[in-house]
Amino acid sequence: QSSVISGQLMRKLGLESKLNKRMQGVAQGVGKANILGLVEHCPAQLGHVEFLLYFLVLDVPHDMIIMGIDQMRRFKCVIDLEHDKLIFGGKDGVEVSFLPPEPQWVNARNQAASDNCAIS
């Protein structure tokens, strides 16, 4: 449910000065990662609007950023799956298109479908 960014990406974006290290710990769920802290007041351009977001910083070995339900609730977002958009501020708010899927995930999904992969 929490918005997260990898420590590696945080450093690439030059956000170390915004890191609050008092929020350290361990994130557990499907996997497990150390929490390095919380990046606060992070400016992010989504569509044509700039938002100040916050992210838990995870110690993982790759670039990653995920906007969680915490931020979506904060900005009263609506997820429009029919039009692949996230709408900030409710149904008449600011629309932001989803990013296109990464080619490797599309290829993996197509490969799984051709292998008669089934979930039961």
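Residues are numbered from 1 along each chain as its sequence is written. In this predicted model, local features require pLDDT of at least 70, side-chain atom pairs count only at pLDDT 80 or more, totals for chains, interfaces and linings use all residues, and side-chain values rest on heavy atoms, with hydrogens and water left out.

Strand 3 (residues 25–28) pairs with strand 4 in the antiparallel sense over 4 bridges; strands are DSSP runs (E, at least two residues) numbered from the N terminus, and two of them pair if DSSP finds at least two bridges between them. The two strands form a hairpin with 3 residues between them, and Ala 27 stands opposite Ala 33 in strand 4.

Beyond its neighbours within four places in sequence, Val 57 is in contact with residues including Ile 5, Met 10, Leu 19, Ile 35, Leu 36 and Val 39, contact meaning heavy atoms within 4.5 Å. The C-alpha atoms of Val 57 and Ala 27 are separated by 10.0 Å, the two residues being 30 apart along the chain.

Most residues other than glycine have a negative phi. His 41, in strand 4 (residues 32–46), has a positive phi near 55° and is exposed, with a relative accessible area of 56%. Asp 84 also has a positive phi, near 50°; Asp 84 occupies the loop between strand 7 (78–80) and strand 8 (85–88) and is partly exposed, at 44% relative accessible area.

Definitions and conventions. Buried means under 20% relative accessible area, exposed over 50%, partly exposed in between (1.4 Å probe, protein chains only).
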